[in-house]
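Look over the sequence and the structure below. Then read on for a short report on what can be read from them.

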Amino acid sequence: MKLIKLMAVTASTTALMASAAMADTTLNALFMSQAAYSEDNIKSMTSAFEAANPGTRVELEFVPYEALHDKIIAASGAGDDGYDVVLFDVIWPAEFAERGFLTDVSDRVAADLTSKIFDGAWTTVEYDGKRYGMPWILDTKYLYYNTEILAAAGIETPPATWQDVLAQAKVIKDKGLVEYPLVWSWSQSEAMICDFTTLTAAHGGVFFDDGKPAFETGGAKAALDYMKTSLGDGLTNPASLEYFEEDVRRVFSAGDAAFAMNWTYMNSLVNDPAESQVAGKVGVMSAPGVSGVSEASAVNGSMGLGIPANSPHADEAWAYITHLTNQATQEEFATLSLPIWKGSYSQSAVTDGQEDLVAAADKSIAVMYPRPLVASYTEVSSILQKHLHGALLDQTTSEEALGNAAKRVARIR
Amino acid sequence: MMHNMTTHLQSKGSTAVPSTPILSVKNLNKSYGDLKILKDISVSIKEGDFLVLVGPSGCGKSTLLGCIGGLTEVTSGHLRIGGADVTHTDPAKRDIAMVFQSYALFPNMSVAENIGFGLEVRKVPKAQRDEKIKQVAELLKIEPLLDRAPAQLSGGQRQRVAMGRALVRDPKLFLFDEPLSNLDAKLRVTMRTEIKRLHQRLNASIIYVTHDQIEAMTLATKIVVMKDGVIQQVGTPREIYDTPANIFVADFMGSPAMNILDAKVTMDGSVARIEIAREDGQPPLVLHDPAPSAGIVKRQGAALKIGLRPEALTDLGSRAVHADQHFDCLLDVVEPAGSDTFAVIRLGGAEVTARLHGDADVRSGETVPICFDVTKISYFDPQSGERL
Amino acid sequence: MQRSLFASIALYSAALLLTLFTLAPLVWLLLMSISSPNDLTAVPLNWWPNEVNLSRYGRLMDLNEGSGQRFLGALRNSLLTAGGATLIALIVAVPAAYAFSRRGASLALLFAFLATIMMPPITYVLPLYEIFGGMGALNKTTTLVIVYSAMLLPFATWLMKSNIDVLPVEIEQAAFMEGATTAFTLRRVVLPLALPAIAATCMLSFLVAWDEFFYALIFTSDLSAKTLPVAIADFSAGRVTDYGVIASVGVLATLPPAILAICFQRFIVSGLAAGSVKG
Amino acid sequence: MSAISRSREKWVLLLPAILVLSFITVLPFFQTLWTSFTDAEITAREQQVNWIGLENYIWALTDPDFLDALGRTLYFTVVSVGLEGVLGIAVALLLNQQFRGRMFLRIIIILPWAVPTIVNAVAWRLIYHPDYGALNSLLLQLGLIDSYTSWLGDPDRALNMVILADVWKNFPLVAYIALAAMQTIPGDLLKAAAIEGAGAWKRFRSITLPWIIGPMLVVLILRTIEAFRVFDIIYVMTRGGPSDGTKTASFYVYQEYFSYLRSGSGASYAVLVAGISAVLILAYYAGVRRDQRGA
């Protein structure tokens with residue numbers, strides 16, 4: 001009897017949902033719940049969209065970045081019950097395009113936009129000459145520093161090179177200002193690869209050469225050695241090996257680190273007294289370079305919005321994407337994520353109060369280095385994660401780690 | 001009321017054709033894999049019969065009851081109840097009722113609900129159901145218990161409820177599976193009498209399983225003795241007692257058991273001369289049976305087994321029927337049992353029990369004359385154990 | 001038997017240690033959920049909160065402003081899936097258990113049933129994903145109910161079978177003799193007798209379904225179907241700086257099974273024991 | 001009831017269960033088995049699926065990372081089930097004694113088991129937190145460590161820490177079964193042994209243990225099945241890190257499916273995991289049976 005009741009309830013609920021779908025369009029949109037725009041930002045943007053588009057509702061879903069890729073895949077089989085708009089990382093379009101998970105939207109993108117948006121942003125959504133969405137988050141990792149600690153250590157200028165970073169950190173550590181001056185997101189995750197990529201770029205390294213792994217030597221090895229040294233010398237917080245971006249922000253906000261690598265979003269949050277104990281004492285700059293090799297370094301950590309191939313509401317989804325990515329929206333919410341629009345960087349709405357961030361962005365965007373654009377990127381990355389992590393944990397040497405990773409990458413099916 | 005009930009319960013049976021047995025079992029076999037539990041069982045009972053299946057545990061009597069009740073699937077053979085073939089019929093459709101050894105009352109239902117269960121299943125209207133439950137409860141004197149739960153009843157009360165549940169539906173056939181074995185000795189006797197009275201009053205057809213031969217003797221109109229899945233003998237209690245078909249039946253029925261001894265039988269004209277060896281070098285004891293069964297004649301001169309009920313070995317006392325056939329015997333052990341006195345004598349390579357009068361003044365170690373009633377002798381083939 | 005002083009001390013120390021080991025993580029979770037964020041990020045920790053902060057519970061229950069939609073939605077989905085799956089599993093398992101226990105259904109088949117739960121879910125997940133995807137049934141509570149009932153079924157059958165085995169068979173025979181059908185006997189006789197076992201099986205099944213994560217992770221994608229475990233996993237890995245929030249979600253997600261477990265402890269233990277002792 | 005109707009009824013009773021299991025487990029299993037011999041991938045495009053024989057299996061068995069993951073899973077299974085068994089029996093022995101507060105302890109001990117696995121994982125992740133974790137704070141305040149430690153930052157330690165969390169949640173089940181079994185030991189048996197002069201250990205070894213071993217076997221097999229498929233606690237606590245130190249077989253297969261999208265190869269991993277799980281259970285069963293006979 002109860003079963004019948006339960007079934008009736010389920011059925012009527014389903015019917016209710018179905019009838020709602022008849023009357024209106026409900027879009028399911030998938031976002032991540034860390035870095036860049038906050039949930040509140042996205043909710044506000046969405047409310048504005050819904051207000052402007054009566055009849056279209058947007059259900060927002062937030063998952064951790066670490067679950068984003070798999071969630072997009074898992075929902076791709078869900079037919080009409082999947083997502084209509086998904087946030088995707090710069091490293092996935094190759095894979096998603098080849099497997100047909102994302103809708104080709106090349107025809108929908110107005111031609112005049114190409115020149116108005118940074119090239120680095122466009123790479124986020126492009127594969128094989130086609131566009132699979134709109135860039136939305138133009139992001140890279142910056143070097144944040146605690147001005148108070150630097151001052152206390154007698155350091156007048158922030159580091160110009162990565163070597164300077166270690167040197168200054170050593171001074172700070174020796175003076176006992178903080179136990180571990182450097183904090184990174186080096187958990188076994190994509191976050192670590194982003195830092196590794198930044199350092200590899202700084203050291204002039206490359207991932208692949210002519211389709212073959214080329215990271216065992218040169219700049220990439222130097223990058224890993226650098227990471228190991230900073231840990232070995234006690235300059236990097238050893239818990240970094242467990243940290244994600246949010247942990248880095250927390251440690252830095254608590255005043256427990258002098259330097260931290262993190263995304264754009266941290267700038268506004270570490271300067272918010274409600275969130276941070278170091279508000280107003282934060283400097284932000286492009287990640288430095290390596291003397292004789294580079295002036296600055298950056299990883300392309302941009303993300304785009306696309307329409308999964310199984311979405312039955314591509315038009316409405318595109319309208320929503322257009323709304324989220326348009327210049328006005330982005331300028332309104334420019335504190336956690338900087339716009340993709342070249343024109344925005346001269347707008348006071350964007351620059352006011354974060355001039356140093358915008359300056360750093362100016363420099364970083366120009367040197368943003370891509371992670372390998374291959375269809376098997378997810379696997380390449382996790383192989384690298386494992387072996388880099390092993391080296392950082394002192395289980396293997398840099399040579400071994402990178403050599404093994406290269407061998408394993410070469411073996412990918 | 002009671003009168004109505006009784007006639008009602010009888011009415012169905014009286015319409016049946018008298019010659020049709022109420023139950024007939026034909027060549028019934030039951031095996032579990034290679035294990036044969038019942039071997040070629042054939043038996044039938046008439047309306048109003050009280051058939052008792054008796055035998056030692058493991059003899060297959062309960063399995064046979066299960067087959068009749070439809071709780072156990074038969075391997076081969078036929079079952080007919082009231083003329084209809086029910087070999088593969090649901091127990092529900094055999095028009096039978098069963099009283100279980102454990103009573104099998106529904107613990108989650110009251111006494112009234114228990115009794116009325118079969119009627120509830122048959123969707124008998126509530127009022128009619130209640131009326132019948134009341135009649136049965138009156139009959140069994142359990143009216144005050146109707147609202148109780150089985151857990152609140154004594155063993156005897158549960159037994160009555162179980163019978164009530166069987167009676168209320170007025171089935172063609174009642175099955176009783178060792179219904180008294182869970183009761184204490186005294187209650188058992190009381191209930192035994194009550195079941196007998198019930199049977200007489202309702203003239204019901206009953207199949208009753210027990211391992212207790214006294215129950216079998218007292219209740220049955222017809223006894224089936226079983227052993228190892230085979231029927232040993234079918235007969236009235238008298239037939240079973242007086243003319244057991246084989247040594248097993250002789251030994252199993254009756255308490256104390258029939259004495260079985262070795263003897264050498266020769267014919268002296270029409271009289272059988274029975275020579276029984278005695279111990280301690282005494283000369284053999286010789287009995288004369290003036291009217292032996294025909295089978296003996298062919299076997300004369302052979303060593304046989306003879307069976308004598310203890311009551312065929314008595315002291316001289318008042319009942320000196322064959323006063324000539326008495327012999328002095330050494331009483332090994334004397335067991336006074338009130339109404340009787342039992343004495344153990346060593347005869348024919350066996351310990352033989354004699355049944356003396358209750359007031360016989362004898363002691364162990366004494367030698368007294370024992371009178372042998374030769375008319376009660378049973379002869380058995382020593383190899384097959386079959387009656388001759 | 002009189003215990004020596006030493007034995008008593010050892011006994012009570014062991015009991016105390018066990019109490020601490022059992023309760024400490026739970027108490028800590030509870031304390032975290034009501035401590036202020038500052039107390040939680042002190043080094044070393046402030047074990048006892050300076051002030052009781054219930055705001056997180058408020059936010060989790062708030063449908064409009066806070067995380068209420070997410071949390072309560074997941075709670076509803078969990079109740080529906082675990083409840084629905086338990087119900088279906090029971091309805092299907094009881095007749096099957098009866099067939100195994102009383103109708104001579106081959107035990108090899110029961111072992112085959114059990115073998116299905118011995119396989120890791122990873123063996124089934126992709127085909128199921130494709131089947132349900134093909135039917136357009138992913139991201140639906142009903143789908144999880146079906147998958148979970150299959151997951152609960154073998155164990156429930158086994159548990160019910162072991163418990164029916166020990167019921168006196170003559171009572172059912174009596175019912176048959178009285179003319180009852182199997183369905184009637186099951187309903188009127190077997191089920192009332194097996195009530196404790198059914199309660200135990202229900203509780204255990206509910207707890208297992210409440211706990212399930214893997215299928216839910218892969219088959220659900222939004223608030224309409226996500227269950228609590230998935231919601232919690234998302235919750236705890238995202239942008240949460242206040243660990244108290246995670247702790248309070250944990251506390252709330254633990255309450256229903258904890259209350260069930262304590263209230264029906266006797267049933268669970270006896271049901272399980274009957275199952276395992278009988279084998 | 002006739003043989004035919006009875007056996008037909010048996011199938012009627014079994015039919016719903018057979019249907020549910022066939023569609024939700026048996027068919028999918030065979031589909032996985034079939035897929036494991038192909039090069040199928042997860043894709044939204046039309047794909048040509050080719051039969052490639054044992055290639056996936058050869059690949060899987062020569063994949064050192066997968067073999068490592070299997071080894072790790074085995075370690076996790078053996079250590080956590082072993083600890084749960086030992087701790088469970090010890091706790092049951094304790095709870096079988098007469099002492100004040102016994103009922104209270106018997107009731108609260110069920111609580112860890114009622115905590116959902118995900119909550120358990122989240123709670124212990126907070127407890128192990130390198131900066132604000134209760135474990136660090138406790139050990140520091142007790143003077144057992146000098147500075148905060150990264151409990152989940154070291155590959156070997158991380159797995160053991162996960163095991164600890166798993167044991168905490170699951171020992172009550174084992175303890176309950178052991179206790180229930182112990183309570184069925186006739187008191188006379190233990191008393192007689194005590195009078196015969198058997199010490200506590202001897203009584204445990206020769207009476208209690210053989211008595212409870214059957215039920216223990218059942219519950220430990222159940223736990224083994226669960227432990228061998230461990231996924232959720234890993235997913236939440238460590239996501240396989242650090243340096244793959246906690247990447248278990250199920251996680252590996254999950255990744256092969258949903259991260260690398262190779263369903264054919266993932267299926268072969270899944271079949272191997274299922275096979276090993278089955279072998280493990282059988283070996284376990286055989287081992288304890290032999291031990292039971294020996295004792």
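## Cysteines and disulfides

This is a predicted model. How many disulfides are there over all chains? The count comes to 0.

A disulfide needs the two sulfur atoms within 2.5 Å. C:C263 is in no disulfide either. There the nearest cysteine sulfur is that of C:C202, 15 Å away.

Are these cysteines buried or exposed? B:C59 is buried, with a relative accessible area of 2%. C:C263 counts as exposed, at 57% relative accessibility.

## How the chains touch

## The interface of chains C and D

On one side, 87 residues of chain D take part in contacts. On the other, 86 residues of chain C do. Together the two chains bury about 7600 Å² between them. Carbon and sulfur atoms account for 80% of that area. Within chain D, the residues that lose the most area to chain C are D:L13, D:I24 and D:Y132. Together they make up 9% of what that side buries.

The interface of chain D and chain C has 2 salt bridges. C:R103 forms a salt bridge with D:E9. The closest N and O atoms of that pair are 2.7 Å apart. Between chain D and chain C, 13 residue pairs are in polar contact. Which element of chain D gives the most to the side that touches chain C? Helix 1 (residues 3–35) does, with 19 residues.

## The fold of chain D

Chain D has 13 helices and 0 strands. Its elements, read from the N terminus on, are α-α-α-α-α-α-α-α-α-α-α-α-α. The C-alpha trace of chain D spans about 75 × 75 × 35 Å along its principal axes.

Chain D has 295 residues, and 59% of them count as buried. How far apart in sequence are the residues that meet? Consider contacts in chain D between residues at least 6 apart in sequence. Of these, 66% join residues at least 24 apart.

## Annotated regions of chain D

UniProt, in an unreviewed entry, gives chain D the feature "transmembrane region" at residues 12–30, 74–95, 107–127, 173–195, 207–225 and 267–287. Look at two of these stretches in the model. Residues 107–127 of chain D are 81% helix and 0% strand. The end C-alpha atoms of that stretch are 24 Å apart. Residues 207–225 of chain D are 100% helix and 0% strand. Here the end C-alpha atoms are 28 Å apart.

The unreviewed UniProt entry also places "domain: ABC transmembrane type-1" at residues 70–284 of chain D. Over residues 70–284, chain D is 74% helix and 0% strand. The end C-alpha atoms of residues 70–284 are 17 Å apart.

## Annotated regions of chain C

For chain C, an unreviewed UniProt entry lists "transmembrane region" at residues 9–31, 79–100, 107–129, 141–160, 189–210 and 243–264. Again, take two stretches. Residues 141–160 of chain C are 100% helix and 0% strand. Their end C-alpha atoms are 26 Å apart. Residues 243–264 of chain C are 95% helix and 0% strand. The distance between their end C-alpha atoms is 32 Å.

## Two residues up close

Where does C:L17 lie? C:L17 is in helix 1 (residues 5–34) of chain C. C:L17 counts as exposed, at 60% relative accessibility. C:V230 is 213 residues from C:L17 along the chain. The C-alpha atoms of C:L17 and C:V230 are separated by 33 Å.

Now turn to chain A. A:Q385 lies in helix 17 (residues 377–392) of chain A. A:Q385 is buried, with a relative accessible area of 10%. Which residues is A:Q385 in contact with, leaving aside its neighbours within four places in sequence? They are A:Q188, A:S189, A:E190, A:M192 and A:I193.

Conventions: Residues are numbered from 1 along each chain as its sequence is written. Chains are lettered from A and ligands numbered from 1 in the order in which they are written. This is a predicted model: local features need pLDDT of at least 70, side-chain atom pairs count only at pLDDT 80 or more; totals for chains, interfaces and linings use all residues. Side-chain values use heavy atoms; hydrogens and water are left out. Buried means under 20% relative accessible area, exposed over 50%, partly exposed in between (1.4 Å probe, protein chains only). UniProt positions are given in the numbering used here, feature names are shortened, and annotations may be inferred rather than shown by experiment. Helices (H or I, at least four residues) and strands (E, at least two) are DSSP runs, numbered from the N terminus. Contact means heavy atoms within 4.5 Å. Buried area is the accessible area (1.4 Å probe) that two parts lose on being put together, summed over both. A salt bridge is a side-chain nitrogen of Lys or Arg within 4 Å of a carboxyl oxygen of Asp or Glu. A polar contact is a pair of N or O atoms within 3.5 Å; within protein, one must be able to donate a hydrogen and the other to accept it, and residues adjacent in sequence count only if both atoms are side-chain atoms.
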